[in-house]
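Please look at the sequence and the structure shown below before reading on.

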Amino acid sequence: MATQTLEANYLIVGSGAVGMIFADQMLTESNARMIIVDRRAMPGGHWNDSYPFVRLHQPSAYYGAGSRALGVNRIDDSGLNKGYYEQASGAEVRAYFEALMRERFLPSGRIQYLPMSEYVGGDQIKSRISGETTGVRVGKIVDTTFFNTEVPATHTRSFGVAEDVALTAPHLLARDVGRHGHYCIVGAGKTAMDVGVWLLQMGADPASIRWIAPRDSWLINREITQPGDDFYASNFGGLALQLEAAAEASSVRDLFARLEQAGQLLRIDRDVAPTMYRGATMSVAEVEVLRQIKDVVRRGRVRAITGSHIELDEATIDAKPNTLYIDCSARALGERAPKPVFDGNVITLQLVRAQLVSISAALIAHVEANYEGDGEKNDLCRPIPPASSDIDWLRTMLADLRAARRWSMDKPLRKWVADHRLSGFGSRGAGHPDAKNINACIRAARPLAEANLARLLSERDASAFQA
Ligand SMILES: Cc1cc2nc3c(=O)[nH]c(=O)nc-3n(C[C@H](O)[C@H](O)[C@H](O)COP(=O)(O)OP(=O)(O)OC[C@H]3O[C@@H](n4cnc5c(N)ncnc54)[C@H](O)[C@@H]3O)c2cc1C
């Protein structure tokens with residue numbers, strides 16, 4: 001039985017990035033009182049379990065909450081991100097959310113934070129320490145668990161490993177790395193890429209690394225994600241190039257060829273057609289480093305590893321002796337079917353701008369605070385499923401274009417999006433010699449891109465259906 005009952009306008013389940021960003025925007029734009037509950041001891045969600053060499057893959061400039069900057073907008077002058085805006089490390093992201101809670105949320109007097117506590121459904125929160133139950137009486141529940149983020153430190157491995165096999169995960173790699181002659185990276189996502197880059201930067205011989213990558217990935221070129229005035233031409237000029245490619249492509253294959261040719265998307269092996277796109281962002285320098293790994297095994301996912309063999313979906317191959325296997329197979333964002341963001345007394349936070357969790361959470365809070373009725377709110381906040389396959393580049397671009405069109409018809413919302421630090425529109429190109437041209441290209445290509453992407457997607461769906 002509950003020993004006490006807490007009251008608030010909102011119960012936010014999860015103090016990961018998404019819950020923190022929503023709460024921050026609600027503090028700014030409403031008088032709401034909120035309870036934030038999390039199983040973990042500290043805000044920041046999965047960043048509390050991240051590997052030591054993790055960094056945002058986007059610039060810090062448009063990650064985090066709306067009320068305070070993350071980092072100081074420094075341009076890195078060394079390393080593989082040289083020349084680009086800083087990307088916070090995992091430790092910096094954790095410190096940022098902890099400070100946001102301590103310096104803004106709690107002093108506001110409008111937020112009660114219950115760490116080490118689990119929302120068990122209904123109106124009940126249970127302490128993970130005492131086991132005591134607290135009742136809540138709230139207007140709405142904000143569910144931030146939709147993404148169901150998995151990281152290697154906490155996920156459940158889907159393949160078997162014999163006892164005599166040395167297996168580690170990225171968060172323990174620095175501890176385990178020295179005693180082995182070979183390394184085998186298991187997984188094809190951004191974490192696997194980070195591990196490959198880290199091993200090579202730490203001095204591993206490229207020939208000592210094997211990479212089991214079930215799928216190759218299209219990568220966003222970090223050059224086009226930079227917010228500052230200096231990057232106006234690559235950022236907005238890049239958008240113009242993407243829209244032109246989307247408007248003119250005769251097929252999906254032709255579209256990717258154009259995007260690569262225009263420097264918008266990268267791939268590690270130019271001889272392999274990627275089938276994955278998850279919005280991972282890399283610099284050309286990082287891609288060059290990864291190209292040093294030649295032993296890339298593309299025979300499906302790992303099913304089991306023994307001292308002598310690796311069993312894959314499509315083959316069984318010899319295992320190299322004295323190998324350290326590094327499990328990078330956690331899938332980061334889950335792949336649940338989208339649901340309405342606003343549904344009575346439940347708000348389910350999802351992406352409403354492709355790939356960008358921060359502005360998505362802030363925008364949903366803005367709409368919650370300023371608009372009436374689930375119908376209107378859901379029309380402005382249509383969920384965009386996280387990208388997974390190559391075709392999702394088309395789906396997410398189309399969804400973004402449609403969302404931007406809906407938002408632009410609402411003048412205050414258009415201004416809110418354009419001005420918000422998290423939207424990534426850092427520069428408007430004021431005074432840039434190419435600004436007029438670039439803006440004209442974007443305006444002209446937008447409707448054509450929207451129409452052509454819809455056509456390419458329906459053709460693709462039709463051929464998949466026939467097959
Ligand atoms: C390595 C990595 C790098 C990334 N880099 C970027 C990037 O550069 N840019 C970007 O936009 N995105 C990035 N992402 C995507 C990332 O998932 C988001 O940035 C974000 O951190 C996800 O936050 P979240 O709040 O959705 O999830 P989580 O961090 O998983 O937080 C959810 C929280 O909810 C709590 N919780 C769940 N259920 C309950 C319950 N019943 N009761 C109480 N608490 C509960 C959990 O304990 C957890 O703390 C990255 C992801 C990974 C894995």
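From which domains does the shell around the ligand draw at least three residues each? In this predicted model, the shell takes at least three residues from domain 1 (4-148 + 334-386) and at least three from domain 2 (150-216 + 267-332). The domain assignment of the protein also gives a domain 3, made up of 224-264 + 391-467. Taken over C-alpha atoms, the centres of domain 2 and domain 3 are separated by 33 Å.

**Around the ligand**

There are 32 residues around the ligand, and those that come nearest are Gly14, Gly16, Val18, Gly45 and Leu56. Two or more residues of this shell are given by each of the elements α1 (17-29), β4 (117-121) and α8 (357-370), and the largest share, three residues, comes from α1. Divided by class, the shell holds 14 nonpolar, 14 polar and four charged residues.

**Two helices that meet**

The helices α1 and α8, which both give residues to the shell, also meet each other: their axes come within 8 Å and cross at roughly 40°, and the crossing is right-handed. On the side of α1, the residues that take part are Ala17, Val18, Ile21, Phe22, Gln25, Met26 and Glu29, and they meet Val357, Ser358, Ala361, Ala362, Ile364, Ala365, His366, Ala369 and Asn370 in α8. By class, this contact has eleven nonpolar, four polar and one charged residues. Val18 of α1 takes part in the contact with α8, and Val18 is also one of the residues that come nearest to the ligand.

**Two open sheets**

Strands of a sheet pair through backbone hydrogen bonds, and the pairing is either parallel or antiparallel. The table sets out two sheets of this model.

| Open, five strands | β8-β18-β9-β10-β14 | parallel | β8 (166-168) and β14 (295-297) |

Strand β10 (residues 209-212) runs parallel to β14 and is joined to β14 by three bridges, and the bridge partner of tryptophan 211 is valine 296 in β14. Helix α4 (residues 190-201) packs on this sheet, where the helix touches β9 (182-186), β10 and β18 (323-327), and the direction of α4 makes about 160° with that of β9.

In the sheet of four strands, how many bridges pair β7 with strand β15 (residues 302-305)? Two bridges pair these strands, in the parallel sense, and valine 161 stands opposite isoleucine 305 in β15.

Definitions and conventions. Residues are numbered from 1 along each chain as its sequence is written. This is a predicted model: local features need pLDDT of at least 70, side-chain atom pairs count only at pLDDT 80 or more; totals for chains, interfaces and linings use all residues. A residue is near a molecule or strand if its C-beta atom, placed from the backbone, lies within 6 Å of it. Ala, Val, Leu, Ile, Met, Phe, Trp, Tyr, Cys and Pro count as nonpolar, Asp, Glu, Lys and Arg as charged, and the others, Gly among them, as polar. Domain bounds come from an automatic or database domain assignment. Axes are lines fitted to C-alpha atoms, for helices over the stretch in contact, and angles run from 0 to 180 degrees between N-to-C directions. A crossing is left-handed if the near helix is turned anticlockwise from the far one by less than a right angle, and right-handed if clockwise. Two residues are in contact if their C-beta atoms, placed from the backbone, lie within 7 Å. Two strands pair if DSSP finds at least two bridges between them.
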